[in-house]
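Open your viewer and get ready to select residues one by one.

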Amino acid sequence: MDLYFFKEGYLRTSSTPYSLTNDNIDDKFVHLTNNAVQKYASNYGEFEKGNQLSFKQFQKYLNDTGFDLDFQKITYPKMKEQVLVSMSSVKKSINI
């Protein structure tokens with residue numbers, strides 16, 4: 001199985017701060033970051049243009065807000081690992 005994982009990417013964000021309170025448990029704008037959903041939120045793009053951040057923009061956000069995390073060195077390899085585990089789990093089912 002050949003998998004390709006690009007170093008550049010982006011994160012989708014929510015128009016509404018995440019919460020599990022009963023007040024917004026059914027609020028799709030809190031829990032679904034898909035652009036097809038978010039573009040209908042009244043505050044779409046209020047926090048980030050198009051409700052998305054590049055990996056570089058996200059690293060800047062982490063740095064600016066005091067989070068000591070190197071996204072490319074810590075998070076990115078974990079993302080790759082999770083994709084590999086996920087694809088390996090269905091390898092036989094998709095006939096690869």
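Start by selecting Asp 64, which is exposed at 54% relative accessibility; exposed means over 50% relative accessible area, buried under 20%, and partly exposed in between (1.4 Å probe, protein chains only). This is a predicted model, where local features need pLDDT of at least 70 and side-chain atom pairs count only at pLDDT 80 or more, while totals for chains, interfaces and linings use all residues. Residues are numbered from 1 along each chain as its sequence is written, and side-chain values use heavy atoms, with hydrogens and water left out.

Why are Lys 60 and Asp 64 separated by about one helical turn? Because they are four residues apart in helix H3 (residues 55-64); helices are DSSP runs of H or I with at least four residues, strands runs of E with at least two, numbered from the N terminus.

Next, select Asn 51, in the loop between helix H2 (35-38) and strand S2 (52-54). Is Asn 51 buried or exposed? Asn 51 is buried, with a relative accessible area of 3%. Beyond its neighbours within four places in sequence, its contacts (heavy atoms within 4.5 Å) include Leu 11, Arg 12, Gln 38 and Tyr 44.

Finish at Leu 3, in the segment before strand S1 (10-12). Leu 3 is partly exposed, at 37% relative accessibility.
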